[in-house]
Amino acid sequence: MSDSDVGGDQAAAVAQARQTIAALDAQAYRHDVPLAGADPAAFVRWRRWGQGAPVVLIHGGHGSWQHWIKNIEALAQDRSVWVPDMPGYGDSSPAAANPQEELAYCRAIVAGLLQTMDAVLPHGSVDVVGFSFGGLVAGLLTAQCPRVRSLALLGPSGHAGPRQQIKDLVRWRGLQGQALADAMRNNLAATMLHQPEAIDAMAVQVHTHSSLQARYRSRTVSRTGVLVDALSTLAQPMLFVWGEHDVTAIPAVAAAALVQGQAQRRAHVWPNVGHWVQYEAAEPINQQLRKWLSQPA
């Protein structure tokens with residue numbers, strides 16, 4: 001195969017990925033909910049797919065609703081799937097807090113999600129699924145929202161345990177074109193995905209789009225024990241899921257901090273996948289989440 005053929009294949013894969021993302025976005029009902037704060041024009045964008053009992057999906061740091069690109073349609077077979085862009089991410093406005101003050105901004109994100117969730121889902125119970133930094137946010141939200149029925153956290157941060165990252169990240173701000181794509185591929189391999197074949201055109205598109213729109217870095221607060229503290233008094237059923245090669249945690253250590261001694265909590269580690277477990281192992285994760293969400297309270 002010639003270099004031109006390779007380039008053509010890559011371009012076709014990128015075009016297909018963009019088309020898939022745009023098609024799923026076009027199927028969503030959008031709800032732009034005013035966000036309380038200093039800016040009267042600020043809002044949080046919620047997207048909804050499907051019908052039925054609500055489940056809220058909260059994306060990770062440097063993320064957006066697209067972190068759930070491989071999961072929304074499967075979950076929407078049974079449920080109404082609500083996916084916000086957190087304040088300061090994706091299409092949503094920043095929170096009314098200084099992003100340099102990480103914990104204060106994190107709490108402002110939680111407050112913004114609670115306020116706007118009450119607007120789009122004013123009544124009844126809700127299940128919440130959070131990924132990475134979104135798992136930390138989901139835990140803080142649940143601690144303030146008694147109507148959360150169950151919680152599923154995928155590779156959550158805030159456990160204060162050791163990491164197992166080996167590969168270094170590279171700087172991508174200011175890059176364009178192929179240089180930007182190469183940087184994103186490197187960083188996906190360093191932090192998000194374990195199998196090289198999982199770093200496909202879709203993953204690069206999602207990671208690039210979401211990173212370019214992120215206006216808050218959660219690195220410091222993510223490495224604290226704030227999630228452990230938030231969950232310490234909660235009695236809701238909880239599912240914790242990690243990939244075997246999740247670089248943000250040693251799953252057994254994180255599970256000991258978050259699950260051990262709690263009869264209503266379950267932990268599962270999927271083999272041969274990394275941190276972005278719902279992307280790299282989409283089919284089994286979708287089955288697992290659908291089964292978890294179908295359980296009675």
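**Helices, cores and pockets**

Modeller: This is a predicted model. The buried residues of α4 are F133, G134, G135, L136, V137, A138, G139, L140, L141 and T142.

Colleague: How many of the eleven residues of helix α4 are buried?

Modeller: Buried here means under 20% relative accessible area. Helix α4 covers residues 133-143 and is largely enclosed by the rest of the structure, because the buried ones number ten of the eleven.

Colleague: What covers the buried residues of α4?

Modeller: Contact here means heavy atoms within 4.5 Å. Both strands and helices take part. The cover includes β3 (54-58), β5 (126-131), β6 (148-154), α3, α7 and α8 (226-231).

Colleague: Is S132 buried or exposed?

Modeller: S132 lies in the loop between β5 and α4. Its phi is near 60°, a positive value in a residue other than glycine. The relative accessibility of S132 is 15%, so this residue counts as buried.

Colleague: N272 has a positive phi too, about 60°. Where does N272 lie, and what is its relative accessible area?

Modeller: N272 is not a glycine either. It lies in the loop between β8 (265-270) and α10 (277-280). N272 is partly exposed, with a relative accessible area of 38%.

Colleague: What should helix α3 span, and how far apart are its end C-alpha atoms?

Modeller: Helix α3 has 19 residues, 102-120. The expected span takes 1.5 Å times one less than the number of residues. That gives 27 Å, and the agreement holds because the end C-alpha atoms of α3 are 27 Å apart.

Colleague: Which residues of α3 are buried?

Modeller: The list runs along the helix, from E102 to V120. Between these two come Y105, C106, I109, V110, G112, L113, L114, T116 and M117. In α3, the buried ones include C106, I109 and L113.

Colleague: Which element gives the largest share of the largest nonpolar core?

Modeller: The largest nonpolar core has 48 residues. Those with the most contacts inside it are W46, V56, I58, I109, F133, L141 and L231. The largest share of this core, eight residues, comes from α3.

Colleague: What does V56 touch?

Modeller: Residues up to four places away in sequence are not counted. V56 then touches W46, W82, P84, M117, L121, V126, D127, V128 and V129.

Colleague: Which element gives the most to the lining of the largest pocket?

Modeller: The largest pocket has a volume of about 870 Å³. Of its 31 lining residues, H62, L169, T191, R217 and R219 are the closest to its centre. Elements giving two or more residues are α6 (201-213), α7 (219-222) and α5 (177-192). The most, three residues, comes from α5.

Colleague: How many residues does α5 give to the lining of the second largest pocket?

Modeller: The second largest pocket has a volume of about 300 Å³. Its lining has 14 residues, with V14, Q178, A181, V204 and Q205 nearest the centre. α1 (3-27), α5 and α6 each supply at least two. α5 gives the most, with five residues.

Note on methods. Residues numbered from 1 in each chain as written. Predicted model: local features only at pLDDT ≥ 70, side-chain atom pairs only at ≥ 80, totals over all residues. Heavy atoms only, no water. Helix = DSSP H or I, 4+ residues; strand = E, 2+ residues; numbered from the N terminus. Buried < 20%, exposed > 50% of the residue type's maximum accessible area, 1.4 Å probe, protein only. Core = buried A, V, L, I, M, F, W, Y, C linked by side-chain atoms within 4.5 Å. 1 Å grid on protein atoms, 1.4 Å probe; cavity = no way out; pocket = protein on both sides within 12 Å on 5 of 7 lines; lining within 4 Å. Points joined across faces, edges and corners; volume = space filled by probe spheres on them.
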